[in-house]
Amino acid sequence: MTIREIPVPFVGENCYLLKDDDSGLGAIIDPGGAADSIVAEIEDLNMSPCAILLTHGHYDHTGAVKELREKYPDIPVYLHPADAEMTKQPDSMIPSIGETKPYDEGDEVQIGDLNVSVLHTPGHTPGSVTLLVDRTMFSGDTLFRGSCGRTDLPGGSTDDMMASLKRLAQLEGDWDVLPGHEGPTTLQQERLGNFYMLQAMNL
């Protein structure tokens, strides 16, 4: 398994490429912009993209979807139904990105020999998800290093965020955490020092 981070500077977001080394198939996770850079990294990895996986529908995580669909016209785009519904009434935060495939709690997306498991972790948006593969967590805008996603935007919920953080904290063992913004962390580090997760764990 190979993971490559692609920073999207103008929105301060992290896009990730997830490649199954045996098959060469891979997923594009949260392409917030910089489509040319994403394509260049895909080609450098000699990766065949087979899915776009979105942790939620905000523009800074979906901004390159349309351009990538032009480059890879048959690629499916996965988004939780709650956020997909919001894209049907687009605004500045959640734009229309075209047809998406639904995924939800308990679903798995096969990327070559890799199984990407979906956890529904609302709070930042109603359809926010966290993606798990091996011992790596793509946490989108749910869990950050030392913080968590905003809940004051349309569709946000502090109660849901606290429940989602508590759920992540209760996962067995440690995980590498790759968030949608800022740097990587580990789940154990957040259990010990993240004010919001500590609050959630005590609920």
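## A charged trio

Let's start with Asp44, which is exposed at a relative accessible area of 55%. Here, exposed means over 50% relative accessible area, buried means under 20%, and partly exposed is in between (1.4 Å probe, protein chains only). Before going on, note that this is a predicted model, where local features need pLDDT of at least 70, side-chain atom pairs count only at pLDDT 80 or more, and totals for chains, interfaces and linings use all residues. Residues are numbered from 1 along each chain as its sequence is written, and side-chain values use heavy atoms, with hydrogens and water left out.

Asp44 forms a salt bridge with Arg4, at 2.7 Å from N to O. That pair links distant parts of the chain, with Asp44 in helix H1 and Arg4 in strand S1, 40 residues apart. A salt bridge here is a side-chain nitrogen of Lys or Arg within 4 Å of a carboxyl oxygen of Asp or Glu. Helices (H or I, at least four residues) and strands (E, at least two) are DSSP runs, numbered from the N terminus.

Arg4 has another partner too: Glu41 meets Arg4 in a salt bridge whose closest N and O atoms are 2.6 Å apart. Glu41 sits in H1 and Arg4 in S1, so this pair ties together parts that are 37 residues apart in sequence. Put together, Arg4, Glu41 and Asp44 make a network of salt bridges. Arg4 is partly exposed, with a relative accessible area of 26%, and Glu41 counts as partly exposed at 26% relative accessibility.

A search of the whole structure turns up five salt bridges. One of them joins the side chains of Glu105 and Arg167, 2.5 Å from N to O. Glu105 is in the loop between strand S6 (101-102) and S7, while Arg167 is in helix H5 (residues 158-169), so the pair ties together parts that are 62 residues apart in sequence. Glu105 is partly exposed, with a relative accessible area of 36%, and Arg167 is also partly exposed, at 28% relative accessibility.

Then there's Asp20, in the loop between S2 and strand S3 (25-29). Asp20 is buried yet has no salt bridge, and the nearest side chain of opposite charge, Lys19, is 9.1 Å away. For charge, Lys and Arg count as positive and Asp and Glu as negative, while His and the chain ends are not counted. What does Asp20 touch, not counting residues up to four places away in sequence? The list is Leu25, Ile111, Gly112, Asp113 and Leu114, where contact means heavy atoms within 4.5 Å.

## Strands and hairpins

S1 and S2 pair in the antiparallel sense over seven bridges; two strands pair if DSSP finds at least two bridges between them. They form a hairpin with four residues between them, and Gly12 in the turn has a positive phi of about 60°. In this pairing, Arg4 stands opposite Leu17 in S2.

Elsewhere, six strands form an open sheet in the order S7-S8-S9-S10-S13-S14, with mixed pairing. Its edge strands, S7 and strand S14 (185-186), each pair on one side only. S7 (residues 108-111) and S8 (residues 114-120) run antiparallel with four bridges, and Gln110 stands opposite Asn115 in S8. Their hairpin has two residues between the strands, and Gly112 takes a positive phi near 60° there. S8 also joins S9 (residues 129-133) through four bridges, again antiparallel. Across that pairing, Val118 stands opposite Leu131, and the bridge partner of Leu119 is Thr130.

Asp134 is in the loop between S9 and strand S10 (136-140). Asp134 is exposed, with a relative accessible area of 52%. Leaving aside neighbours within four places in sequence, Asp134 is in contact with Met1, Leu114 and Trp175.

## The nonpolar cores

A nonpolar core is a set of buried Ala, Val, Leu, Ile, Met, Phe, Trp, Tyr and Cys residues joined through side-chain atoms within 4.5 Å. The largest core has 23 residues, and those touching the most other members are Leu17, Ile28, Ile38, Ile42, Ile52, Leu54 and Leu68. S1 (2-8), S2 (13-19), H1 (35-44), helix H3 (65-71) and strand S5 (77-79) each supply at least two residues of this core. Which helix gives the most to this core? H1 does, with four residues. Apart from this core lies another, of 18 residues, including Leu53, Val118, Val129 and Val133.
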